[in-house]
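Hi everyone, thanks for making the time.

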Amino acid sequence: MSAPVEGTTAATAAPAATAAGGVGAVAGPGRRFRGASVVIAPVVFGIAVLVVWQLVVTVGGLPAFLLPAPTAIAAQIGAQLPVILETAAVTGGNALVGLVLGFVLGVLLAILAAGVRVVSDLLTPVVLAASAIPIVALAPVFTTMFGSTTEIPRRLVVMVVVVVPVYVSTARGLRQVRPVHDELMVALAATRRQYTRFVRLPGAIPYVMTGLRLAAPAAVIAAIVAEYFGGLQNGLGSRISSAAANTAYARAWAFVAASIVLGLLFFLAGLLAERLVTRNRPGGGS
Amino acid sequence: MRSRGWLRSGAWAVAAFVLLVALWELAKLVLPADGVTVGGTRVLPRTDDAAMPHVWTVLARLGAPEVAGAADPRSVGAAIASGALFTLGLALGGLVLGGIAGVLLALLMQRFAVAEKAVLPYVIASQTVPLIAIAPLVVGWGGKIAIAGWAWEPWASVMVISSYLAFFPISVGMLRGLTSPRKADVEMFRSLAAGWWTTLLRLRLPASVPHVVPAVRLAAAAAVVGAIVAEISTGTRGGIGRLIIEYAQSATGDPSQMYAAILGAAVLGLVAAGAVGLLELGLRRYRGSVA
Amino acid sequence: MSTEATAETNGTHGTQAVELQGVDKSFGSVRALSGVDLTVGAGEFVSLIGPSGCGKSTLLRVVADLEEPTTGTVAVTGLTARQARLAQRYGIAFQQAGLLDWRTVAENVELPLQVHGVGKAERRRRAVELLELVGLAEFAGSRPAELSGGMQQRVAIARALAPSPRLLLMDEPFGALDEMTRERMQAELLRIAGETGAAVLFVTHSIPEAVVLSDRVVVMSPRPGRITEIVSGRRPPVAGDDLVPDAVEDVRETGAFFEAVTAVREALRKGAATEGHAG
């Protein structure tokens, strides 16, 4: 009997569902593994790669511009540690500010779109287009508009990059009300506001957190890449390109390693936030 | 019904972009020319023509010659179109290379559980770390190495970076797809004494389509971003990324040329997404093949 | 019909719980319900049974004001269906328990009261009372996900009873449960219905379930959905709490029970036959 209702929900959910499902499907933490091999296999593999890498470079005589030896990179990490920490703080700060701004904006826009049909009709094509275009290329636009001596352009790039997955995921969560909950609230003669407060918003929270988890590492990537487009040269990205331009490859790789650690930190923080908020719920977001 | 739905969302899309243009012009009209600065931080942008040119100025720029007074004047529009096509070609090449590698890795992981256990954590982690950071490093390859007599060209670096970014989403999406058939279906194939290949061709590949298509969409977007960023950091000429930087540096007083190039990059992304949409349409019959 | 008699046997007087007259409901060209007349007396237990597509769920949803009838009149506890819904004259339970995952069991039971502005202390008191009634008092602070399917369904029933309704609407509430749990839940429901004196309109697929629970079993047939026959059920008399499970067990072994089951089965078969002729 609820078939028509279900049908329309599914139809309207489809574009965003595939978009968010795609992101979720690909970036999710994967299945659960059991047993010691879960830890041993990747560790063994990782060490093997490092050893082979080291051997190929030192014994095979691979030129440094192709790939410096792991030991050379490690030495550079030690030597450059103060600079690495300083630049990582700048890039991490930009990523964090942009992430917070983008997260708040994405959630607010999604709530607005869920409540006002016109807003959703107008925002959906813009967000879909934004997910397809190279947003980092907007960096020069923001630099021109806000000046090249501030952190604002890069933070804005991060913000725009973050808004997209957060909006898509939140909007999806707000739409995914189970038909039985829908009917229950009608049977209880709940007002629209009560429906939003008791069912819609709490039900969307796992999806909001999934959006945050997906956006967190993307924020770091955007903050680094935005630096390649000019503006202030005080972050990890500009250090990588300037070291590479000076043929100091091991040093460049040291900054790459720092970028990877920073990205992992954001990813783990996002994952932790998601787990903490949704720990009492079965299923939930993707 | 269906075509009316398309028309309707098309109309809304047009309305949305008209509104964006109107907002841009409204900001120029209403906001102070030098922006708004609070405590030394500019919170609202400068809105004069040197920062936010009129939309029509940007569009008119497409028809203007790229270099004023050149003997063989090429219009900015033509330059952007050829740059975008060049980049699209590199991104497509990257997508194909990365796609092949990703599918192969996924097959390996599906076939051998040990491979999955050892490699998958890295594949997943690699999606969350800024791999694009290595772009300036692959640049170093240009002109320095030769493979079987073929000298490494800078554009090949761009394609490698692009393929690198496309590779991960596809390998993870493909693995998800290959392992998505229900247990009952896999056991049915086993009861028919079907081998690994038959199961792959008749069950796993068709079932993987709903997982692979969104992965390809992500990979295509990543390949485009990768190609543009790689062009910028490699200084490869001929692509849209390099054009953005060149225009940005050459015209500080009049950014409309740069804006036109960025617009070109956006169109490029949309074209790539549209191509994936067509692919999706062609594979539609497999959509419902997994529960 | 026999309505008055059954209302009297339950010892409750006053307005009928449900009165339907000439109810038709069409979805486009599909006639889901055709000329339905039905009365459910105060405190009476009535089951709706029939094959898929016979409109039994639609009928329940019309009473709940989740669907509007195309023609015909609907009175629920003497009010229109809409008034009855707004005044919370009925409680409803679906096949899925439909609990809100993020609320505790007690908070789920409180939901209808919260929606209607009952104060926190009063809500809590009522939730404890209802959870005791369905035998889940010690799970008040648990999350729905920690409960078994049968327990979740009991919470849903407690939630339906929260506004002290005079009518309970149930759409295959035990359909997803295993047979053992299902029989326990049936006894539980009979006890609750007896204690609260609420009338029950109960949709089911199961003939024995309908017979053992009901005062009357309403047999329906599809295309168009209509009532073809009404058979007397074998609802056991209710005295104290502990008697009920045994009473239900006893009923299941009586000859009268088997006769009623056979009668319902015959009625269903006849309905299918007339449909065959019509179609």
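Chain B has ten helices and four strands. Bear in mind as we go that this is a predicted model. If you follow chain B along its sequence, the order is α-β-β-α-α-α-α-β-β-α-α-α-α-α. Of its 291 residues, 43% count as buried. And if you take the contacts in chain B with a separation of 6 or more, 72% of them come from residues 24 or more positions apart.

Now over to chain A. How many helices and strands does chain A have? The tally is eleven helices and zero strands, and the pattern along the sequence reads α-α-α-α-α-α-α-α-α-α-α. Chain A has 286 residues, and 49% of those are buried. For the contacts in chain A with a separation of 6 or more, residues 24 or more positions apart account for 79%.

There is also something from the records here. An unreviewed UniProt entry places the feature "transmembrane region" at several stretches of chain A, including residues 122-144 and 156-174. In the model, residues 156-174 of chain A are 100% helix and 0% strand, with the end C-alpha atoms 26 Å apart. Residues 122-144 of chain A come out at 74% helix and 0% strand, and there the end C-alpha atoms lie 27 Å apart.

Let's see how chains A and B meet. That contact takes 59 residues from chain A and 64 residues from chain B. On the chain A side, the elements giving two or more residues include helix H1 (3-27), helix H2 (37-58) and helix H10 (236-245) of chain A. Which helix gives the most to that side? That would be H11(A), with nine residues. By type, the chain A side divides into 44 nonpolar residues, 14 polar and one charged.

Chain A touches chain C too: here 18 residues of chain A are in contact with 20 residues of chain C. Helix H8 (179-187) and helix H9 (192-228) of chain A each supply at least two residues to the chain A side, and H8(A) has the largest share, six residues. This side of chain A splits into twelve nonpolar, three polar and three charged residues.

While we're looking at chain C, have a look at its sheet. Four strands of chain C form an open, antiparallel sheet in the order E2-E1-E4-E5. Strand E2 (30-40) and strand E5 (79-80) of chain C are at the edges with a single partner strand each, so one side of each has no neighbour in the sheet. Strand E1 (residues 18-27) and strand E4 (residues 71-76) of chain C run antiparallel and are joined by five bridges.

Last topic: the nonpolar cores. The largest one has 145 residues, and the members touching the most other members are Val136(A), Val157(A), Val162(A), Ala219(A) and Ala222(A). H9(A) provides the largest share of this core, 18 residues. What does Val157(A) contact, leaving aside its neighbours within four places in sequence? Its partners are Ile135(A), Val136(A), Leu138(A), Ala139(A), Phe142(A), Ala222(A) and Ala226(A). Apart from that core lies another one, of 90 residues, and among them are Leu33(C), Val155(C), Val217(C) and Ala260(C).

Notes:
Residues are numbered from 1 along each chain as its sequence is written. Chains are lettered from A and ligands numbered from 1 in the order in which they are written. This is a predicted model: local features need pLDDT of at least 70, side-chain atom pairs count only at pLDDT 80 or more; totals for chains, interfaces and linings use all residues. A residue is buried if 20 or more other C-beta atoms lie within 10 Å of its own, exposed if 12 or fewer, and partly exposed in between; C-beta atoms are placed from the backbone. Two residues are in contact if their C-beta atoms, placed from the backbone, lie within 7 Å. Ala, Val, Leu, Ile, Met, Phe, Trp, Tyr, Cys and Pro count as nonpolar, Asp, Glu, Lys and Arg as charged, and the others, Gly among them, as polar. Two strands pair if DSSP finds at least two bridges between them. UniProt positions are given in the numbering used here, feature names are shortened, and annotations may be inferred rather than shown by experiment. A nonpolar core is a set of buried Ala, Val, Leu, Ile, Met, Phe, Trp, Tyr and Cys residues joined through C-beta atoms within 7 Å.
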